[in-house]
Amino acid sequence: MKKVLGIISLLLSATLATANSIDFDKAFKESTKIEKQIKKTSFPKQTYLITDFGAKPDTPDAPCHEAINQAIVTCCLNGGGTVVVPKGTFYTGPITLKSNVNFHVEEGAVLKFSTDQSLYFPGVITRWEGIDCYNARPLIYAYGETNIAITGKGTIDGQGSNETWWPMCGAPRYGWKEGMVAQRNGGRERLLMYGETSTPIYKRVMTPKDGLRPQLINLYSCNTVLIEDVTLLNSPFWVIHPLFCESLTVRGVYVYNRGPNGDGCDPESCKNVLIENCTFDTGDDCIAIKSGRNQDGRKWGVPSENIIVRGCYMKKGHGGVVIGSEISGGYRNLYVENCKMDSPDLDRVIRIKTSTCRGGLIENVFVRNVTVGQCREAVLRINLQYENRENCNRGFTPTVRNVHLKNVTCEKSKLGVLIIGLDDDDHVYNISVEDSHFNNVAKDGNDIKGAKDVTFKNLYINGKLVK
């Protein structure tokens, strides 16, 4: 495997020799090789109905997670198979996935997760905004499992709202009022300082009073994973958060999550990932690739790498496909193609955000055949000065290089390309846009500072060729 990845890196280096000679077909042939490395799930034919283990529909005061978890464990111990959630509305607490189990939510089935925070404690090992800790158990969780899936045309509802979960972000527009539990009351700041001071992870135990909301799906250190066809609604926090995972496929998933920090899919320190034919309508980034925050990301030094995004539709969100900001472990080899994006509430199309708190190398980003109705700010935004007020240890200079867009059309935005580098121009370079049309650009151009080797070939902004 390492030999194959080494060959891919060498080929990419040859492909990226100069921004003027980008061969997109050659680059995307490398993505085909990466896709072949993604292992596929496979399950025995045995099926286990959760109702056979005592789960009953329409019992909001008696969540049935113990029955569901018993079905999952039984399936795993018997060699694997499919655990089925049949048609009906089932109320549940936290669910833990196990190896060789396909958790299948049938069409017409709805899983509604309890908003009783006490059910999600004691906490489990996870990351929260890129910092290692023990925090509230994610609604669906797995640790160290292999060959697992969440499938079916049913609905998984985290029941986040301005009455439950979301006020804990501490913002009045999400229902927070003085006296309520919230991350702004010291919990988030304490966790960030744990990371900055390299506090041992076993001491980083968060409590309900800290107000750090759980993810809807958090898969930690898992291999060979499929999430397919399900509808995911109203997560307390990030929706899909794979962490230290390899061989992950997210296909045909519909994500609707207008809550705070409502990211759609955030692979963190993951390798060999395919995200295809999904729809994202989110309160934050639609897809945000991560690899740990500040010292915690640098300590592990595990980049995210080899991620393919294709055929997706992005509606509302801070960014369509995003790298960062918790990206201290670095990132390499992103392939985005044949996507559609459109919303006055979509801020950017391709976004890279990092800072001197983070450090790390971000490289080899290829984007082609993307159609944008409108976005609020810029088609491409690269920002090396993200959250300049963050209280952190600085001096870890990030580098962003080899970012290339081709055949991208956008019908409305404020800017075409926005680059905010550092005081020099040495840390953002080899950036190109070609064969693209950006129309109705309010500021009639690009805004580029702190970058070099930025080239445009057949880029038209408001009908005029950019030279």
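Trainee: Where is Glu 106 found?

Mentor: Glu 106 sits in the loop between strand E5 (101-105) and strand E6 (109-113). Strands (E, at least two residues) and helices (H or I, at least four) are DSSP runs, numbered from the N terminus. Before we go on: this is a predicted model, where local features need pLDDT of at least 70 and side-chain atom pairs count only at pLDDT 80 or more, while totals for chains, interfaces and linings use all residues. Residues are numbered from 1 along each chain as its sequence is written, and side-chain values use heavy atoms, with hydrogens and water left out.

Trainee: Ok. Is Glu 106 buried, exposed or partly exposed?

Mentor: Glu 106 is partly exposed, with a relative accessible area of 28%. Buried means under 20% relative accessible area, exposed means over 50%, and partly exposed is in between (1.4 Å probe, protein chains only).

Trainee: What separates the C-alpha atoms of Glu 106 and Lys 153?

Mentor: 5.7 Å, although the two residues are 47 residues apart along the chain.

Trainee: Switching to salt bridges. How many are there?

Mentor: The count comes to 36 salt bridges, taking a side-chain nitrogen of Lys or Arg within 4 Å of a carboxyl oxygen of Asp or Glu.

Trainee: Which residue does Asp 347 form a salt bridge with?

Mentor: Arg 376, with the closest N and O atoms 2.5 Å apart. Asp 347 lies in strand E25 and Arg 376 in the loop between E26 and E27, so the pair ties together parts that are 29 residues apart in sequence.

Trainee: And what about Asp 345?

Mentor: The side chain of Asp 345 also meets Arg 376 in a salt bridge, at 2.9 Å from N to O. Here Asp 345 is in the loop between strand E24 (331-341) and strand E25 (346-353), and Arg 376 is in the loop between strand E26 (361-372) and strand E27 (378-383), 31 residues apart.

Trainee: Which of those are buried or partly exposed?

Mentor: Asp 347 is buried at 11% relative accessible area. Asp 345 is partly exposed at 32%, and Arg 376 is partly exposed at 41%.

Trainee: What does Arg 358 form a salt bridge with?

Mentor: Glu 390, with the closest N and O atoms 3.0 Å apart. Arg 358 and Glu 390 are both buried.

Trainee: New topic: what lines the largest cavity?

Mentor: Ile 131, Leu 192, Glu 196, Arg 293, Asn 294, Glu 390 and Asn 391. The space in this cavity is about 40 Å³. On a 1 Å grid over the protein atoms alone, a cavity is a set of points where a 1.4 Å probe fits but cannot get out; a pocket is an open set with protein on both sides within 12 Å along at least five of seven lines; lining residues have an atom within 4 Å of a point. Volume is the space filled by probe spheres set on the points.

Trainee: How much space lies in the largest pocket?

Mentor: About 350 Å³. The largest pocket is lined by 22 residues, and Glu 129, Asn 261, Asp 284, Tyr 386 and Glu 387 lie nearest its centre. By class, the lining divides into four nonpolar, five polar and 13 charged residues, where Asp, Glu, Lys and Arg count as charged, Ala, Val, Leu, Ile, Met, Phe, Trp, Tyr, Cys and Pro as nonpolar, and the others, Gly among them, as polar.
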